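Please keep the model open while reading.

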Amino acid sequence: MHFQRGGILNPEAESNTGDDSVASNLVSGVSAAETWTESFVQRCRRQFGDHFCHTLNYFSLPNGFTLSVVVPVYNEASTVRMVIDRLVATGLPLQIVLVDDGSSDDSAQQLHQIAASLSAEGDQSASCAARVVVLEHPVNRGKGAAIRTGVAATDGDVVVIQDADLEYDPQDFRRLLRPIVQDEADVVYGTRYGSADRLVSPWWHQMVNRFLSNLSGMLIGPRLTDVETCYKMARGDVFRRTAAACGENRFGIEIELTARFSRARLRFAEKPIRYRHRWYGEGKKIGWRDGVSAIRCIIWYGLFTRSV
(Lines give C-alpha, C1' and ligand atoms only; values in the text may rest on other atoms or scores of the structure.)
Protein backbone atom coordinates (compact mmCIF):
# COMPACT_ATOMS: atom_id res chain seq x y z
CA MET A 1 0.00 0.00 0.00
CA HIS A 2 1.38 3.40 -0.94
CA PHE A 3 1.66 6.20 1.61
CA GLN A 4 1.98 9.89 0.88
CA ARG A 5 3.81 12.20 3.24
CA GLY A 6 1.30 13.81 5.52
CA GLY A 7 -1.29 11.20 4.48
CA ILE A 8 -3.21 8.73 6.60
CA LEU A 9 -4.04 5.09 6.32
CA ASN A 10 -7.61 4.65 7.49
CA PRO A 11 -8.62 1.86 9.87
CA GLU A 12 -8.83 -1.49 8.16
CA ALA A 13 -11.56 -4.04 8.69
CA GLU A 14 -9.16 -6.25 10.60
CA SER A 15 -10.30 -9.24 12.60
CA ASN A 16 -9.63 -8.89 16.30
CA THR A 17 -9.66 -12.63 16.91
CA GLY A 18 -8.98 -14.25 13.52
CA ASP A 19 -9.43 -18.00 13.50
CA ASP A 20 -9.20 -18.65 17.24
CA SER A 21 -8.68 -22.39 16.96
CA VAL A 22 -5.88 -22.09 14.40
CA ALA A 23 -4.20 -19.30 16.36
CA SER A 24 -4.43 -21.32 19.58
CA ASN A 25 -2.77 -24.31 17.94
CA LEU A 26 -0.05 -22.12 16.48
CA VAL A 27 0.97 -20.51 19.77
CA SER A 28 0.47 -23.58 21.95
CA GLY A 29 3.60 -24.04 24.02
CA VAL A 30 5.15 -20.84 22.62
CA SER A 31 6.07 -17.94 24.90
CA ALA A 32 4.77 -14.45 24.11
CA ALA A 33 8.33 -13.29 23.43
CA GLU A 34 8.85 -16.05 20.84
CA THR A 35 5.89 -14.82 18.75
CA TRP A 36 7.94 -11.74 17.87
CA THR A 37 10.85 -13.75 16.43
CA GLU A 38 11.67 -14.41 12.78
CA SER A 39 11.65 -18.18 13.34
CA PHE A 40 8.06 -18.09 14.64
CA VAL A 41 6.88 -15.87 11.78
CA GLN A 42 8.49 -18.13 9.19
CA ARG A 43 6.80 -21.17 10.75
CA CYS A 44 3.48 -19.30 10.66
CA ARG A 45 3.95 -18.48 6.98
CA ARG A 46 4.90 -22.03 6.03
CA GLN A 47 1.89 -23.52 7.80
CA PHE A 48 -0.82 -20.95 7.08
CA GLY A 49 0.44 -18.44 4.50
CA ASP A 50 1.17 -14.72 4.44
CA HIS A 51 -2.48 -13.67 4.64
CA PHE A 52 -2.96 -15.46 7.95
CA CYS A 53 0.16 -13.85 9.45
CA HIS A 54 -0.93 -10.44 8.19
CA THR A 55 -4.45 -10.84 9.61
CA LEU A 56 -3.16 -11.77 13.07
CA ASN A 57 -0.30 -9.24 12.87
CA TYR A 58 2.51 -11.76 13.25
CA PHE A 59 5.78 -10.13 12.22
CA SER A 60 9.32 -10.17 13.53
CA LEU A 61 11.09 -7.32 15.27
CA PRO A 62 14.46 -5.91 14.22
CA ASN A 63 17.47 -7.05 16.22
CA GLY A 64 17.90 -5.00 19.39
CA PHE A 65 14.43 -3.47 19.11
CA THR A 66 12.89 -1.78 22.17
CA LEU A 67 9.41 -0.35 22.64
CA SER A 68 9.29 2.46 25.21
CA VAL A 69 5.95 2.68 27.01
CA VAL A 70 5.24 5.90 28.91
CA VAL A 71 2.66 5.42 31.70
CA PRO A 72 1.37 8.63 33.36
CA VAL A 73 0.01 7.75 36.80
CA TYR A 74 -2.26 9.83 39.01
CA ASN A 75 -4.07 8.06 41.87
CA GLU A 76 -4.19 4.70 40.07
CA ALA A 77 -3.05 2.45 42.93
CA SER A 78 -5.92 0.03 42.31
CA THR A 79 -5.07 -0.66 38.65
CA VAL A 80 -1.45 0.18 37.85
CA ARG A 81 -0.07 -3.23 38.86
CA MET A 82 -2.51 -4.97 36.50
CA VAL A 83 -1.58 -2.60 33.68
CA ILE A 84 2.13 -3.39 34.13
CA ASP A 85 1.35 -7.13 34.17
CA ARG A 86 -0.52 -6.68 30.88
CA LEU A 87 2.45 -4.84 29.37
CA VAL A 88 4.90 -7.56 30.35
CA ALA A 89 2.51 -10.23 29.03
CA THR A 90 2.92 -8.87 25.49
CA GLY A 91 6.36 -10.47 25.36
CA LEU A 92 7.80 -7.33 23.79
CA PRO A 93 11.25 -6.02 24.73
CA LEU A 94 10.09 -3.05 26.77
CA GLN A 95 11.31 0.04 28.49
CA ILE A 96 8.46 1.00 30.83
CA VAL A 97 8.64 4.62 32.03
CA LEU A 98 6.29 5.17 34.98
CA VAL A 99 5.60 8.80 35.89
CA ASP A 100 3.77 9.45 39.15
CA ASP A 101 2.11 12.84 38.73
CA GLY A 102 1.83 13.90 42.37
CA SER A 103 -0.57 11.13 43.42
CA SER A 104 -2.24 11.46 46.82
CA ASP A 105 -2.73 7.68 47.22
CA ASP A 106 0.07 5.10 47.42
CA SER A 107 0.64 4.95 43.65
CA ALA A 108 4.24 6.17 43.92
CA GLN A 109 5.09 3.50 46.48
CA GLN A 110 3.55 0.85 44.25
CA LEU A 111 5.57 2.02 41.25
CA HIS A 112 8.83 1.54 43.13
CA GLN A 113 7.69 -1.91 44.31
CA ILE A 114 6.78 -2.86 40.74
CA ALA A 115 10.16 -1.69 39.46
CA ALA A 116 12.01 -3.67 42.12
CA SER A 117 9.92 -6.77 41.42
CA LEU A 118 10.48 -6.67 37.66
CA SER A 119 14.18 -6.04 38.17
CA ALA A 120 14.40 -9.15 40.35
CA GLU A 121 12.44 -11.18 37.78
CA GLY A 122 14.75 -9.97 35.02
CA ASP A 123 17.81 -11.08 37.03
CA GLN A 124 16.33 -14.56 37.46
CA SER A 125 14.67 -15.10 34.08
CA ALA A 126 15.72 -14.20 30.56
CA SER A 127 12.03 -14.20 29.56
CA CYS A 128 11.38 -10.94 31.43
CA ALA A 129 12.56 -8.30 28.95
CA ALA A 130 11.15 -5.22 30.68
CA ARG A 131 13.30 -2.40 32.00
CA VAL A 132 11.48 -0.04 34.34
CA VAL A 133 12.14 3.63 35.06
CA VAL A 134 10.19 5.41 37.82
CA LEU A 135 9.91 9.20 37.80
CA GLU A 136 7.94 11.44 40.16
CA HIS A 137 6.38 14.89 40.10
CA PRO A 138 6.22 16.33 43.63
CA VAL A 139 2.86 17.94 42.81
CA ASN A 140 0.16 17.16 40.26
CA ARG A 141 0.99 18.90 36.97
CA GLY A 142 -1.34 17.11 34.55
CA LYS A 143 -1.20 14.32 31.99
CA GLY A 144 0.56 16.46 29.40
CA ALA A 145 3.38 17.32 31.79
CA ALA A 146 3.70 13.67 32.84
CA ILE A 147 3.92 12.58 29.20
CA ARG A 148 6.66 15.12 28.47
CA THR A 149 8.64 13.99 31.52
CA GLY A 150 8.25 10.34 30.56
CA VAL A 151 9.01 10.67 26.84
CA ALA A 152 12.20 12.61 27.64
CA ALA A 153 13.44 9.58 29.59
CA THR A 154 12.80 7.05 26.80
CA ASP A 155 15.45 5.40 24.67
CA GLY A 156 13.36 2.99 22.60
CA ASP A 157 13.07 2.69 18.83
CA VAL A 158 9.31 3.33 19.15
CA VAL A 159 7.39 5.18 21.87
CA VAL A 160 3.75 4.74 22.90
CA ILE A 161 1.53 6.16 25.66
CA GLN A 162 -0.32 3.79 28.00
CA ASP A 163 -2.90 4.97 30.54
CA ALA A 164 -2.61 3.47 34.03
CA ASP A 165 -6.23 2.30 34.09
CA LEU A 166 -7.70 -0.74 32.35
CA GLU A 167 -9.43 0.99 29.42
CA TYR A 168 -6.78 0.05 26.85
CA ASP A 169 -5.32 -3.38 26.10
CA PRO A 170 -1.56 -3.59 25.38
CA GLN A 171 -2.15 -6.70 23.25
CA ASP A 172 -3.19 -4.18 20.59
CA PHE A 173 0.45 -3.06 20.34
CA ARG A 174 0.90 -5.89 17.85
CA ARG A 175 -1.54 -4.15 15.49
CA LEU A 176 -0.15 -0.64 16.10
CA LEU A 177 3.52 -1.55 15.72
CA ARG A 178 3.36 -3.22 12.34
CA PRO A 179 3.12 -0.09 10.11
CA ILE A 180 6.09 1.50 11.89
CA VAL A 181 8.30 -1.60 11.96
CA GLN A 182 7.55 -2.22 8.28
CA ASP A 183 8.28 1.44 7.44
CA GLU A 184 4.77 2.22 6.23
CA ALA A 185 4.09 4.95 8.81
CA ASP A 186 5.87 7.22 11.27
CA VAL A 187 2.90 7.72 13.61
CA VAL A 188 0.07 5.29 14.43
CA TYR A 189 -3.10 6.09 16.39
CA GLY A 190 -5.32 3.41 17.87
CA THR A 191 -8.93 4.24 17.15
CA ARG A 192 -11.69 3.19 19.54
CA TYR A 193 -14.20 3.60 16.73
CA GLY A 194 -12.77 1.17 14.21
CA SER A 195 -13.91 -2.38 13.56
CA ALA A 196 -12.29 -4.06 16.56
CA ASP A 197 -14.37 -5.68 19.30
CA ARG A 198 -15.19 -3.17 22.02
CA LEU A 199 -17.66 -2.39 24.72
CA VAL A 200 -20.03 0.32 23.56
CA SER A 201 -19.30 3.71 25.16
CA PRO A 202 -22.11 6.09 26.22
CA TRP A 203 -23.60 7.96 23.26
CA TRP A 204 -22.40 11.34 24.56
CA HIS A 205 -18.84 10.02 24.87
CA GLN A 206 -18.86 8.90 21.24
CA MET A 207 -20.52 12.10 20.01
CA VAL A 208 -18.03 14.37 21.79
CA ASN A 209 -15.02 12.40 20.55
CA ARG A 210 -16.31 12.35 16.98
CA PHE A 211 -17.01 16.08 17.09
CA LEU A 212 -13.48 16.80 18.36
CA SER A 213 -11.94 14.46 15.77
CA ASN A 214 -13.89 16.05 12.92
CA LEU A 215 -13.05 19.57 14.09
CA SER A 216 -9.39 18.62 14.42
CA GLY A 217 -9.43 17.11 10.94
CA MET A 218 -10.83 20.32 9.45
CA LEU A 219 -8.49 22.74 11.24
CA ILE A 220 -5.36 20.69 11.89
CA GLY A 221 -5.45 17.53 9.78
CA PRO A 222 -5.14 14.67 9.14
CA ARG A 223 -8.67 13.26 9.13
CA LEU A 224 -8.50 10.97 12.15
CA THR A 225 -11.46 9.13 13.63
CA ASP A 226 -10.18 9.33 17.24
CA VAL A 227 -7.86 12.24 17.94
CA GLU A 228 -8.33 11.88 21.73
CA THR A 229 -7.14 8.26 21.87
CA CYS A 230 -4.53 7.40 24.48
CA TYR A 231 -2.77 5.04 22.08
CA LYS A 232 -0.46 7.35 20.17
CA MET A 233 2.60 5.53 18.91
CA ALA A 234 5.50 6.97 16.92
CA ARG A 235 9.13 6.40 16.04
CA GLY A 236 11.25 7.17 19.07
CA ASP A 237 13.18 10.06 17.54
CA VAL A 238 9.95 11.62 16.29
CA PHE A 239 8.12 11.30 19.62
CA ARG A 240 11.02 12.65 21.69
CA ARG A 241 11.52 15.64 19.41
CA THR A 242 7.79 16.39 19.25
CA ALA A 243 7.07 16.00 22.97
CA ALA A 244 10.00 18.25 23.85
CA ALA A 245 8.37 21.06 21.87
CA CYS A 246 4.95 20.66 23.52
CA GLY A 247 3.63 22.94 26.24
CA GLU A 248 0.17 21.63 27.15
CA ASN A 249 0.04 20.29 30.70
CA ARG A 250 -3.36 18.60 30.80
CA PHE A 251 -5.39 16.63 28.27
CA GLY A 252 -4.72 19.29 25.63
CA ILE A 253 -1.51 17.36 24.93
CA GLU A 254 -3.58 15.02 22.72
CA ILE A 255 -4.36 17.88 20.34
CA GLU A 256 -0.94 19.50 20.51
CA LEU A 257 0.87 16.25 19.73
CA THR A 258 -1.44 15.68 16.77
CA ALA A 259 -0.85 19.21 15.47
CA ARG A 260 2.91 18.91 15.75
CA PHE A 261 3.00 15.46 14.16
CA SER A 262 0.86 16.81 11.32
CA ARG A 263 2.98 19.93 10.77
CA ALA A 264 6.04 17.71 10.44
CA ARG A 265 4.35 16.01 7.45
CA LEU A 266 4.71 12.57 8.95
CA ARG A 267 3.00 9.46 7.62
CA PHE A 268 -0.03 8.62 9.76
CA ALA A 269 -1.89 5.33 10.17
CA GLU A 270 -4.92 4.41 12.27
CA LYS A 271 -5.62 0.92 13.57
CA PRO A 272 -8.72 -0.33 15.42
CA ILE A 273 -8.21 -1.17 19.10
CA ARG A 274 -10.22 -2.62 21.93
CA TYR A 275 -11.57 -0.25 24.55
CA ARG A 276 -13.28 -0.68 27.90
CA HIS A 277 -14.88 2.59 28.99
CA ARG A 278 -14.64 3.26 32.70
CA TRP A 279 -16.99 5.46 34.70
CA TYR A 280 -16.27 8.37 37.00
CA GLY A 281 -16.99 6.16 40.00
CA GLU A 282 -14.14 3.93 38.80
CA GLY A 283 -11.70 6.84 38.73
CA LYS A 284 -12.16 8.46 35.30
CA LYS A 285 -10.68 11.95 35.48
CA ILE A 286 -11.38 13.75 32.19
CA GLY A 287 -14.39 16.09 32.41
CA TRP A 288 -16.36 18.66 30.45
CA ARG A 289 -13.74 21.34 31.12
CA ASP A 290 -11.21 19.21 29.29
CA GLY A 291 -13.62 19.01 26.33
CA VAL A 292 -13.80 22.80 26.24
CA SER A 293 -10.01 22.93 26.51
CA ALA A 294 -9.71 20.51 23.58
CA ILE A 295 -11.82 22.84 21.41
CA ARG A 296 -9.57 25.74 22.48
CA CYS A 297 -6.47 23.74 21.53
CA ILE A 298 -7.89 22.74 18.15
CA ILE A 299 -8.67 26.37 17.30
CA TRP A 300 -5.34 27.59 18.67
CA TYR A 301 -3.12 25.04 16.96
CA GLY A 302 -5.30 24.90 13.87
CA LEU A 303 -5.67 28.62 13.15
CA PHE A 304 -3.15 30.64 15.13
CA THR A 305 -0.01 28.54 15.41
CA ARG A 306 0.48 27.16 11.94
CA SER A 307 4.26 27.14 12.36
CA VAL A 308 4.41 24.55 15.18
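Which residues does Glu 38 touch, not counting residues up to four places away in sequence? Glu 38 touches Arg 45 and Ser 60, where contact means heavy atoms within 4.5 Å.

The model is predicted: local features need pLDDT of at least 70, side-chain atom pairs count only at pLDDT 80 or more, and totals for chains, interfaces and linings use all residues. Residues are numbered from 1 along each chain as its sequence is written, and side-chain values use heavy atoms, with hydrogens and water left out.

**Glu 38**

Glu 38 sits in helix 2, residues 38-48. Helices (H or I, at least four residues) and strands (E, at least two) are DSSP runs, numbered from the N terminus. The relative accessibility of Glu 38 is 40%, so it counts as partly exposed. Buried means under 20% relative accessible area, exposed over 50%, and partly exposed in between (1.4 Å probe, protein chains only). The side chain of Glu 38 makes a polar contact with the side chain of Gln 42 at 2.4 Å. Such a contact is a pair of N or O atoms within 3.5 Å; within protein, one must be able to donate a hydrogen and the other to accept it, and residues adjacent in sequence count only if both atoms are side-chain atoms. An α-helix has 3.6 residues a turn, so residues three or four places apart point the same way. Asn 63 is 25 residues from Glu 38 along the chain, and their C-alpha atoms are 10.0 Å apart.

**Salt bridges**

The whole structure holds 16 salt bridges. Each is a side-chain nitrogen of Lys or Arg within 4 Å of a carboxyl oxygen of Asp or Glu. Among them are these pairs.

| Pair | N to O distance |
|---|---|
| Arg 131 and Asp 155 | 3.0 Å |
| Lys 143 and Glu 254 | 3.1 Å |
| Arg 175 and Asp 172 | 3.3 Å |

Lys 143 lies in helix 6 and Glu 254 in helix 10 (residues 253-263), so this pair ties together parts 111 residues apart in sequence. Lys 143 is buried at 12% relative accessible area. Glu 254 is buried too, at 3%. Arg 131 is partly exposed at 39%, and Asp 155 is partly exposed at 46%. Both Arg 175 and Asp 172 are buried.

A salt-bridge network links Asp 183, Asp 186, Arg 235, Asp 237 and Arg 267.

**Helix 7**

Helix 7 spans residues 173-181 and is mostly covered, with 8 of its 9 residues buried. The buried residues include Phe 173, Arg 175 and Pro 179. Just after helix 7, Asp 183 takes a positive phi of about 55°.
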